Amino acid sequence: MSDLVRLTATEIAGKVTSGEVSAVEVTQAHLDRIGEVDGRVHAFLHVDADGALAAARAVDAKRAAGQPLGPLAGVPLAMKDVVVTEGLPTTAGSKILQGWVPPFDATITRRIKDAGVVILGKTNMDEFAMGSSTENSAYGPSHNPWDLDRIPGGSSGGSSAAVAAFEAPLAIGTDTGGSIRQPAAVTGIVGHKPTYGGVSRYGLIAFSSSLDQAGPFGRTVLDTALLHEVIGGYDPADSTSIPQPVPPVAAAARAGAGSDLAGLRVGVVRDLGGEGYQAGVLAAFDDAVATLRKLGAEIVEVSCPHFQYALPAYYLIAPSECSSNLARFDSVRYGLRVGDDGVNALEDVMSLTREAGFGAEVKRRIMIGSYALSSGYYDAYYGQAQKVRTLISRDFAAAFDQADVLVSPTSPFVAFPIGERIADPMAMYINDLCTLPASLAGTPALSVPCGLSENLPVGLQIMAPALADDRCYRVGAAFEAAVEPLSIPEVAK
Amino acid sequence: MSTATLAFEDVIARYEPVIGLETHVELGTVSKMFCGCPTTFGAEPNTQTCPVCLGLPGSLPVANAKAIESTIRIGLALNCSIASWCRFARKNYFYPDMPKNFQTSQYDEPLCVEGYLDVAVGESTVRVGIERVHLEEDTGKNTHVGTSGRIHGADYSLVDYNRAGIPLVEIVTKPVPGTGALAPEVARAYVAELREILRTLGVSDVRMEQGSLRCDVNTSLSPAGSRRWGTRTETKNVNSLRSVERAVRSEMVRQAAVLDGGDRVIQETRHFSETTGDTRPGRSKEEATDYRYFPEPDLVPLAPDPSWVEQLRRELPELPAARRARLQESLGVSAEDMVQMSNAGVVDLVGETVDAGAPVGEARNWWLGYLAQRANEREAEPGDLAIAPAQVARLVALVAEGSLTTALARQAVDAVLETGQDVDAVIAERGLRVVSDTGALERAADDAIAANPGVADKVRGGKTAAVGPLVGAVMKATRGQADAAAVRAILLRRLGVEG
């Protein structure tokens with residue numbers, strides 16, 4: 001393994017800018033690393049070596065011409081396959097989009113390219129971002145670099161695995177109910193779900209429109225913040241985008257790393273812990289709280305009584321919206337087409353295509369959602385779930401009166417073995433227990449590594465009020481600086 | 001089911017109709033409802049599309065502010081309340097002309113509610129309640145290729161998404177009871193008045209034949225005196241004012257026959273046929289469609305600023321009813337004439353022709369008569385004809401001074417429409433002048449008499465009414481450029497009858 005892949009994004013950008021290494025060398029080192037380990041990790045669905053090297057050459061040429069480079073120029077990145085990339089296959093982990101090549105870039109893809117960040121390829125994911133393990137990918141699961149028999153989290157598990165396996169220093173994920181934070185936690189890296197509306201959704205293949213947010217992964221809080229600044233900010237092409245500048249997250253990460261947390265009130269959410277949580281996870285979390293106290297933070301306990309309804313509410317809202325969002329996959333304009341034999345009627349071709357093209361979990365959610373939106377059931381299900389959302393937001397508002405940030409474990413358990421939960425949807429859904437409230441409230445949350453349990457990483461979730469993403473990064477960076485970094489193992493042969 | 005055709009009078013004697021109309025109006029915005037694609041009609045298929053209006057994965061809508069403004073203006077012109085807060089909703093159903101398999105529309109939170117429109121029918125005025133005016137996106141257009149021309153039995157189907165995403169305003173009336181025998185005319189007059197308002201607002205080109213104004217007509221019958229309304233049907237594909245009237249009439253007659261036969265009217269969608277003038281059942285659906293409406297999460301709620309709405313209200317143009325009242329007074333025409341002119345869409349044209357110097361009667365006759373006929377043949381609106389009111393006034397003047405006969409003036413109109421030249425130019429070029437050379441007319445008269453001795457004898461015998469064919473022959477010989485009355489007088493004189 002080249003030393004270049006051990007570097008942080010910040011270090012790589014510094015070396016590329018100073019001319020110590022070229023972007024092409026850095027990119028090639030990562031492509032080599034992918035070649036070396038991805039057969040075992042299976043983080044990538046599509047590696048674009050030519051495109052990546054061309055982008056790297058462009059950065060080197062820009063530098064040679066004396067033009068200024070952005071803070072992440074020349075840094076390789078792994079892109080979740082739910083984000084559209086012009087000219088690069090985009091499947092969202094589904095067979096129904098096999099072979100589809102988008103004719104346009106997502107806003108964040110465009111911003112990443114404009115920043116000189118090098119896209120290495122597209123990463124594996126649970127189909128249409130529905131899942132917590134990548135086992136719902138139509139292309140087979142990704143493997144956790146800490147233990148290849150275990151899941152790397154999901155749905156952005158390809159991205160988290162790529163960063164943890166040193167195949168890329170940065171990655172993009174999307175988080176609807178925890179799909180950035182839980183994979184970050186179980187692979188021992190940093191991941192952030194921005195405030196809803198803080199990062200453009202234009203070009204994200206929609207799962208649940210009112211919840212989906214793209215966000216950054218990195219191995220350090222600062223790297224993650226720098227990538228957040230590249231992708232964040234107002235986009236007129238997304239009506240739900242907030243017309244405000246990106247919160248100063250990189251500055252917060254830098255400030256946090258060099259200071260204590262005196263005067264900061266940290267709320268421990270009483271409702272996110274206890275029964276159903278692994279003892280090792282709770283122990284690591286308690287240690288993390290102790291560390292925060294040692295850093296000078298005032299620890300308060302807060303109660304969020306409606307968080308217990310987050311899971312049922314989420315599993316009505318997300319399926320309802322996905323049942324509508326996924327209706328467009330009908331074989332008429334793009335993607336898979338099955339049964340078009342000149343005899344089958346159009347409706348039959350649509351049905352056969354959807355039957356063959358969607359996996360079991362996607363079908364389950366489309367059915368739940370279609371039912372929940374049905375005339376006569378709407379008020380009892382979708383309508384009621386939206387009310388729960390309001391109650392959860394009020395819980396947050398009350399808690400943020402008492403505390404500047406809230407903390408909890410990111411996931412109730414460490415990475416579980418592949419196959420252990422796939423047959424039991426409820427066992428899979430409770431992965432999201434801690435991450436769902438911030439999703440439903442549209443508030444930002446960061447996961448930062450906070451130790452090991454059974455030699456597997458545990459994540460600390462740091463939640464802040466809407467638009468105060470910088471608080472997550474400040475606390476995350478201070479915490480990161482105060483603890484021993486995890487030593488991510490070499491991927492087993 | 002009875003196939004016997006009832007007389008309309010019999011229907012009215014025993015049943016009371018309730019009508020309702022849903023009108024879809026394509027707004028004339030430069031760009032589409034949720035993306036920047038152009039909206040020009042008639043472009044090559046699928047050339048006015050982008051990831052958004054094709055519903056490609058990842059694309060997102062952004063609402064067209066101009067379309068929202070137009071919808072509010074329509075609502076204000078129809079005396080509606082404008083919602084201070086409302087949302088778009090998704091209407092979910094699968095159809096290949098819908099790129100996303102849902103239509104972004106409005107459901108229980110429309111932009112405009114509770115208005116009305118007064119329409120004049122003959123001597124009476126009927127107030128039609130407006131339930132809602134809402135904004136949505138149009139679908140693409142399917143073309144089924146094959147002998148049947150319909151989806152069933154087609155060899156293949158083509159979809160043009162140029163229309164997909166064009167802003168569409170839906171205007172829904174409340175049920176209109178109590179119009180009796182006038183129901184078909186009320187329906188027509190409502191659409192005609194609505195069209196005038198939309199045209200005055202400048203929000204749409206309101207061309208029914210191009211589909212920028214489309215009507216669905218709901219009709220039900222209940223036995224006279226009954227308080228319960230009957231089951232309604234929804235008739236689609238009603239693409240002209242005349243068809244609106246015919247569709248209501250034929251559906252009333254059909255439903256009366258069903259009820260007379262002791263059967264129930266089925267709640268269904270029916271299609272109007274322009275050729276047969278009756279309605280046919282649409283494809284029967286195996287189950288009721290559940291559109292699974294829910295608020296569109298990709299768009300933020302609309303909350304029009306009340307002061308902006310008031311500004312739009314103040315800036316509304318003079319609406320057709322007020323304009324008609326003003327013009328009726330200044331032109332000095334009857335209320336009935338005014339309604340007729342309004343329904344034909346020629347009020348302004350008549351007004352401008354009068355302003356250019358023509359007497360109002362002449363102006364009215366031209367625009368309701370020959371010019372309306374020409375427009376009709378071209379499937380165009382009178383206002384779209386390539387002849388300006390001033391040129392019509394010029395023709396009226398030429399006829400009045402005797403330089404042209406009415407027949408010659410019509411030839412001049414045709415020539416103007418054909419060439420786009422002005423009246424004096426076509427008259428000069430084609431030599432369209434009344435032949436007043438008496439010698440020439442007399443020679444032509446003598447030729448006609450010589451060629452038709454039998455007819456001539458009859459006239460000589462005192463049957464002056466038989467002179468017609470001889471007049472015709474002279475007119476033909478002079479290529480229509482003679483004054484027929486003068487020719488008749490000459491013929492009679494030369495045959496020794498009268499004069």
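**Entry 1: β5 and β10 of chain A**

I started at H192(A) and found L446(A) of β10(A) standing opposite. This is a predicted model, so I read each pairing as part of a prediction. The strands here are β5 (residues 190-193) and β10 (residues 445-453) of chain A; they run antiparallel and are joined by three bridges.

**Entry 2: the whole sheet**

Next I traced the sheet that holds these strands. I followed 11 strands of chain A in the order β1-β3-β2-β4-β6-β5-β10-β11-β9-β7-β8; the sheet is open and its pairing is mixed. Which strands form the edges? I found β1 (44-47) and β8 (298-302) of chain A there, each pairing on one side only. Going from one strand to the next, I noted an average twist of 30 degrees.

**Entry 3: β2 of chain A**

I then looked at strand β2 (residues 76-80) of chain A. Is this strand mostly covered or mostly open? Mostly covered: five of its five residues are buried. I sorted the side chains by direction: P76(A), A78(A) and K80(A) point one way, L77(A) and M79(A) point the other way, and all are buried. I jotted down the general rule beside this: side chains in a regular strand alternate between the two faces of the sheet.

For a neighbour I checked strand β3 (residues 118-123) of chain A, which pairs with β2(A) in the parallel sense over five bridges. In β3(A), V118(A) is the bridge partner of P76(A).

**Entry 4: helices across the sheet**

I looked up two helices lying on these strands. Helix α5 (residues 157-164) of chain A lies across β1, β2, β3, β4, β5 and β6 of chain A, and runs at about 155 degrees to β4(A). Helix α16 (residues 469-482) of chain A lies across β5, β9, β10 and β11 of chain A, at about 20 degrees to β10(A).

**Entry 5: a helix pair in chain B**

From α11(B) I listed Q391(B), L395(B), L398(B) and V399(B), which meet T406(B), A409(B), A412(B), V413(B) and V416(B) of α12(B). By class, this contact has seven nonpolar, two polar and no charged residues.

**Entry 6: where the chains meet**

Last, I looked at the contact between the chains, which takes 33 residues from chain A and 25 residues from chain B. On the side of chain A that touches chain B, α10(A) gives the most, with three residues. By class, I get 17 nonpolar, 10 polar and six charged residues on that side of chain A.

Technical notes:
Residues numbered from 1 in each chain as written. Chains lettered and ligands numbered in written order. Predicted model: local features only at pLDDT ≥ 70, side-chain atom pairs only at ≥ 80, totals over all residues. Contact = placed C-beta atoms within 7 Å. Helix = DSSP H or I, 4+ residues; strand = E, 2+ residues; numbered from the N terminus. Nonpolar A, V, L, I, M, F, W, Y, C, P; charged D, E, K, R; others polar. Buried ≥ 20, exposed ≤ 12 C-beta atoms within 10 Å, placed from the backbone. Pairing = 2+ DSSP bridges. Axes fitted to C-alpha atoms, helices over the stretch in contact; angles between N-to-C directions.
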